Amino acid sequence: MSILLNSSAWKKTQRHYNDIHNLSLSAEFKLDSQRFNKFSLQFDDILYDFSKNIINDKTLPCLIDIAKQANLVEKRTAMFAGEMINTTERRAVLHTALRNRGETEIYFQKQNVMPAVLKMLAKMREFCQQIHSGTWKGYSNKKITDIVNIGIGGSDLGPKMVSTALKPYAIAGLNIHFVSNIDQANIVETLANLNPETTLFIVASKVFNTQETMTNANSAKRWFLQQAPDIAAIQQHFIAISTHTENVNNFGISEANMFEFWDWVGGRYSVWSAIGFSVALYVGMDNFEELLEGAYAADQHFCTAPLEKNIPVIMALLGIWYNNFFEAESHVILPYDHSLKFFADYFQQADMESNGKSVDRKGNPVDYHTGPIIWGQPGTNGQHAFYQLMHQGTKLIPCDFLAPAQSHYDLPEHHDILISNFLSQPEALMQGKTVEAVKQDLIGKDKYDNELVASKIFTGNKPSSSFLFKKLTPKTLGSIIAFYEHKIFTQGIIWDINSFDQMGVELGKVLAKVILPELKNDNIINSHDSSTNALINKYKQLR
């Protein structure tokens, strides 16, 4: 048995689970008028309500003991101090330095990283001012009207999610587009309605050799050069976000047009870096720095708030509670804000790529569940898709609901309907509907039978947490993103896994490089398993 499962804190929590796992949430609310006050926290304009979870006064102390036995506080300090907590790749994890808005010096290998971070932010601001003022022009002396971000993974999902969320803050006259999929439809359809004279491409790749990104970038370059007067025009229309100057220069982009980030910035945590440059261009550098401010405030909360009052820690511990004790297999994120339509996608990568691991930090197979399946969709669309399973299915699916009290738009009847659903769905999941209530509803109706009654019963007692915030501002968004990041970190510490490598991404890519040359001719292939051989040969027949 692993150290985790054999720890006194884990065994104590298991005994507690055995005692209360059938606890009735509806009954708990009736018994305790202070339940909401006990199990909710306020942070700036953000209210975090976790009172609709299957917990009582003893649950959090048990879970906090697990975090303490995992040395969470010490390991949190190590991350912020720039220690190499990504042990397999021998890297520090310092995305928090990118949003450090205080006077604190942050060191990596005995060197303060903040001067380089601040220099990069200043360079981003200067470039943004040139684009927004129109002093930066394309090869035909026209202003830039369209930004195309070419990346994949964190170099795409982060900027896309944040830009979409902050669309109400967009600079007038600027449009933004995202290309990530190697499927040619993505790049072809994006370029179809663009004018090369007014388009700026941002190519985001750490070493400037990511297959998908560079294939798309080269296609964009060919499209551009078909209409540009000469190759020198690339300097007015292509920007690189990279750590590799030589590869950037070989592509044709000058060092002046290169924005650097660092080896201690992981891809899925990189939106705070120059990877977020497309965000800064789209909504303005002031708003981008407000995003950083929000994340920095959340960082300070994570580092200083007691564990029992610490929002990301409680988020993480509730996840441990359901994942490891209730054996829930997934967790759903449900933003009731159309601007957050990519929020669940973003944290699907951030969480599953971070904590989708099956060995501990010493390389031993784990004997407990690690990261859950993360999924979701904006409300109210999801209500007409998968909520049926959440309400009446056989799976326990813990939920996070998120909503702004104020909209950026002026159709109040829409917002009231939206928020009424945001409020009612967690209540319905918790309360359910009894057989007696169903029969009462059917009194006076035409004949009904047991089958109809059974189909209308909701067992309830489905757990959820809710974030209600004043308005989706850059600062609020930054704080919420950082809360989820720290939740992921905390869970990784408890599970004793490395949340900052992603070896599982590589194997399929390696095999794809073997198969790619085999697709260059019409020869029959028999070098793989029978299924793969058959699929390759059928593809050659059909293409």
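**View 1. Leu507, an exposed leucine in a predicted model.** In this predicted model, Leu507 counts as exposed because its relative accessibility comes to 58%, and the cut-off for that label is over 50%. You'll find Leu507 in helix 22, which runs over residues 506–518. Together with Val510 and Leu511, Leu507 makes a nonpolar surface patch of about 290 Å².

**View 2. Asp299 and Arg99, a buried salt bridge.** Here the two side chains meet with 2.8 Å from N to O. Asp299 sits in helix 14 (residues 285–304), while Arg99 comes from the loop between helix 7 (95–98) and strand 3 (107–108), so to speak a link between distant parts of the chain, 200 residues apart. Both partners, Asp299 and Arg99, are buried.

**View 3. Lys142 and Glu197, a salt bridge from loop to loop.** The closest N and O atoms of this pair are 3.3 Å apart. Lys142 belongs to the loop between helix 8 (114–133) and strand 5 (146–150), and Glu197 to the loop between helix 10 (184–191) and strand 7 (199–204), so the pair ties together parts 55 residues apart in sequence. Lys142 is partly exposed, with a relative accessible area of 37%.

**View 4. Lys487 and Asp351, a salt bridge between two helices.** Side chains meet here at 3.3 Å, N to O. Lys487 is part of helix 21 (residues 474–495) and Asp351 part of helix 16 (residues 343–355), putting the partners 136 residues apart. Both Lys487 and Asp351 are buried.

**View 5. A salt-bridge network.** Arg101 and Arg125 are linked with Asp286, Glu289 and Glu293 in a network of salt bridges. Across the whole structure, a search turns up 19 salt bridges.

Terms used
Residues are numbered from 1 along each chain as its sequence is written. This is a predicted model: local features need pLDDT of at least 70, side-chain atom pairs count only at pLDDT 80 or more; totals for chains, interfaces and linings use all residues. Side-chain values use heavy atoms; hydrogens and water are left out. Patches are made of residues with over 30% relative accessible area and no salt bridge: like charges are joined within 9 Å, nonpolar side chains (Val, Leu, Ile, Met, Phe, Trp, Tyr) within 5 Å. Accessible areas come from the Shrake-Rupley method with a 1.4 Å probe; for residues, only the protein chains shown count as cover. A salt bridge is a side-chain nitrogen of Lys or Arg within 4 Å of a carboxyl oxygen of Asp or Glu. Helices (H or I, at least four residues) and strands (E, at least two) are DSSP runs, numbered from the N terminus. Buried means under 20% relative accessible area, exposed over 50%, partly exposed in between (1.4 Å probe, protein chains only).
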